[in-house]
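Thanks for coming. I will take a few minutes to walk through one structure, and you can follow along on the screen.

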Amino acid sequence: LGIDTPEKWDSSKLDKDSERSGKDKEIIKKLGALASDYAEKILLNKKVILVADSTNSDKDRYGRLLRYCYLEDGTFFNLQIIKDGYASAYTKYPVIYMEQFLEAQKEAREYKRGLWGDLDFEGLE
């Protein structure tokens, strides 16, 4: 909830991401794969606490739960993935943490973290 990552599959979202960013679709798919790898590294086989946002719907139009995700140690994953530069704040719909998400995104871009950094795509599948 409140985050957006690059698309890694052929889809209308990939088309929109490419059009909006001016980046080649293959580059966007590689960025999407990096974002997925980041999330998997942190979340795979971990217990998490999912928290709803009272200002938002319970599910999106695809039936996915809209939740904030916390690790058992208290890490707020939605914010952390933005801080580390593997997601952007999703601004289409308001969320209660939007201000923090936008500030984290600004810092990630400024300090060239994650996908905002200088990436070498050689050898990436």
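I will cover the aromatic rings, then a surface patch, then one aspartate. Please keep in mind that this is a predicted model.

Let us start with the rings. How many aromatic pairs does the structure hold? The count is nine. I will go through two of them.

A pair of aromatic rings is described by the distance of the centres and the angle of the planes. Take Tyr-68 and Tyr-97. Their ring centres are 4.9 Å apart and their planes are at 85 degrees. Planes over 60 degrees apart count as edge-to-face, so this pair is edge-to-face.

Where do these two residues lie? Tyr-68 is in strand β3, residues 68-71, and Tyr-97 is in the loop between β4 (88-89) and α4 (98-110). The pair therefore ties together parts that are 29 residues apart in sequence. Tyr-68 is buried, because its relative accessibility is 1% and the cut-off for buried is under 20%. Tyr-97 has a relative accessible area of 24%, so Tyr-97 is partly exposed.

The other pair is Phe-76 and Phe-101. Here the centres are 5.8 Å apart and the planes are at 45 degrees, so the pair is tilted. This pair also links distant parts of the chain. Phe-76 sits in the loop between β3 and α3 (77-83), Phe-101 sits in helix α4, and the two are 25 residues apart. Are these two residues buried or exposed? Phe-76 counts as buried at 12% relative accessibility, and Phe-101 is buried at 0%.

The two pairs belong together. Tyr-68, Tyr-97, Phe-76 and Phe-101 are in one aromatic cluster, along with Tyr-70.

Which residues make the nonpolar patch of about 250 Å²? They are Val-48, Leu-50 and Leu-65. Val-48 belongs to strand β2, which runs over residues 48-51. With a relative accessibility of 34%, Val-48 counts as partly exposed.

Last, the aspartate. Asp-17 is found in helix α1, residues 12-21. Is Asp-17 buried or exposed? Its relative accessible area is 6%, so Asp-17 is buried. What is Asp-17 in contact with, if we leave aside its neighbours within four places in sequence? The list is Thr-5, Pro-6, Glu-7, Gly-22 and Ile-28.

To recap, we saw one aromatic cluster of Tyr-68, Tyr-70, Phe-76, Tyr-97 and Phe-101, a nonpolar patch that includes Val-48, and a buried aspartate, Asp-17. That is all from me.

Terms used:
Residues are numbered from 1 along each chain as its sequence is written. This is a predicted model: local features need pLDDT of at least 70, side-chain atom pairs count only at pLDDT 80 or more; totals for chains, interfaces and linings use all residues. Side-chain values use heavy atoms; hydrogens and water are left out. Helices (H or I, at least four residues) and strands (E, at least two) are DSSP runs, numbered from the N terminus. Buried means under 20% relative accessible area, exposed over 50%, partly exposed in between (1.4 Å probe, protein chains only). Contact means heavy atoms within 4.5 Å. Patches are made of residues with over 30% relative accessible area and no salt bridge: like charges are joined within 9 Å, nonpolar side chains (Val, Leu, Ile, Met, Phe, Trp, Tyr) within 5 Å. Accessible areas come from the Shrake-Rupley method with a 1.4 Å probe; for residues, only the protein chains shown count as cover. A salt bridge is a side-chain nitrogen of Lys or Arg within 4 Å of a carboxyl oxygen of Asp or Glu. Rings of Phe, Tyr and Trp (its six-membered ring) pair if their centres lie within 6.5 Å; planes under 30 degrees apart count as stacked, over 60 as edge-to-face and the rest as tilted.
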